[in-house]
Amino acid sequence: MNLTLITHLIAAILAAAGAWAFQDARWHADVAEIRLEASDEKLQAVTKTRADERAINKTYVEALNEARTRAIALGRDRDAARAESDGLRDQAADAARRLANAPPAAVLEYASTVNQLFAECSRSYQGMAGTADGHAGDVRTLTDAWPVIPHRPAAGNTAP
């Protein structure tokens, strides 16, 4: 074989090997860049998810603390109402004892007053029932409007 031909053949083989090595290095660099981008996106998703989780936990803790405060206030109100009820029970027992020996005119006046008081209590009860219905409607609205995180398909899964 001719020495020039062999030299050119070796040079061509070396050039092809160099081009191959260069392309291989570029390919590995591209793969590394794609992996870096994917890990950055994954890190951003994790960071956002953690921030969302912190916000949800903060809201939950605040709501729980407010519920505890309301429960304490309701307990105080219940105790006050119970004490008031006990006082009214004593007054009613005393009135029953006095009514047994009262003249008929006093009994009629007492009955009229009791009817007026009953009518006022009935109106108050109706107002309270309307307020309770309004609160129940608010709870239903809040429950129906509560944000729900939609299901997201796994990465690479595009099927619905």
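Glu33 lies in helix 1, which covers residues 3-100. Helices here are DSSP runs of H or I with at least four residues, strands are runs of E with at least two, and both are numbered from the N terminus. The model is predicted, so local features need pLDDT of at least 70 and side-chain atom pairs count only at pLDDT 80 or more, while totals for chains, interfaces and linings use all residues. Residues are numbered from 1 along each chain as its sequence is written, and side-chain values use heavy atoms, with hydrogens and water left out.

**Overall form**

The protein has two helices and zero strands. Its C-alpha trace spans about 150 × 30 × 15 Å along the principal axes. The radius of gyration is 42 Å, whereas a compact globule of 160 residues would have a value near 15 Å. This radius is taken over C-alpha atoms, and the globule rule is 2.2 Å times the number of residues to the power 0.38. Ala45, in helix 1, is 93 residues from Asp138 in sequence and 35 Å from Asp138 in space, C-alpha to C-alpha.

Of the 160 residues, 1% count as buried. Buried means under 20% relative accessible area, exposed means over 50%, and partly exposed lies in between (1.4 Å probe, protein chains only). Ala45 is partly exposed because its relative accessibility is 40%. The accessible surface of the protein is about 14,500 Å², and carbon and sulfur atoms account for 63% of this area. Accessible areas come from the Shrake-Rupley method with a 1.4 Å probe; for residues, only the protein chains shown count as cover.

**Surface patches**

Patches consist of residues with over 30% relative accessible area and no salt bridge; like charges are joined within 9 Å, and nonpolar side chains (Val, Leu, Ile, Met, Phe, Trp, Tyr) within 5 Å. One patch of negative charge on the surface is made up of Asp30, Glu33, Glu37, Asp40 and Glu41. Glu33 is partly exposed, at 46% relative accessible area.

A nonpolar surface patch is formed by Ile6, Ile10 and Leu14, which together have about 270 Å² of accessible area. Leu14 belongs to helix 1 and counts as exposed because its relative accessibility is 59%.

**Charges and salt bridges**

The protein carries 18 positive and 21 negative charges, and their mean positions are 3 Å apart. Lys and Arg count as positive and Asp and Glu as negative, without His and the chain ends. Each charge is placed at NZ of Lys, CZ of Arg, CG of Asp or CD of Glu.

The structure contains six salt bridges. A salt bridge is a side-chain nitrogen of Lys or Arg within 4 Å of a carboxyl oxygen of Asp or Glu. Among them are these:

| Salt bridge | N to O distance |
|---|---|
| Arg78 and Asp79 | 3.5 Å |
| Asp79 and Arg82 | 3.9 Å |
| Asp94 and Arg98 | 3.4 Å |

Arg78 is partly exposed at 46% relative accessible area, as is Asp79 at 41%. Arg82 is also partly exposed, at 47%. Asp79 and Arg82 are three residues apart in helix 1, so about one helical turn separates them.

Elsewhere, salt bridges with shared partners join Arg78, Asp79 and Arg82 into one network.
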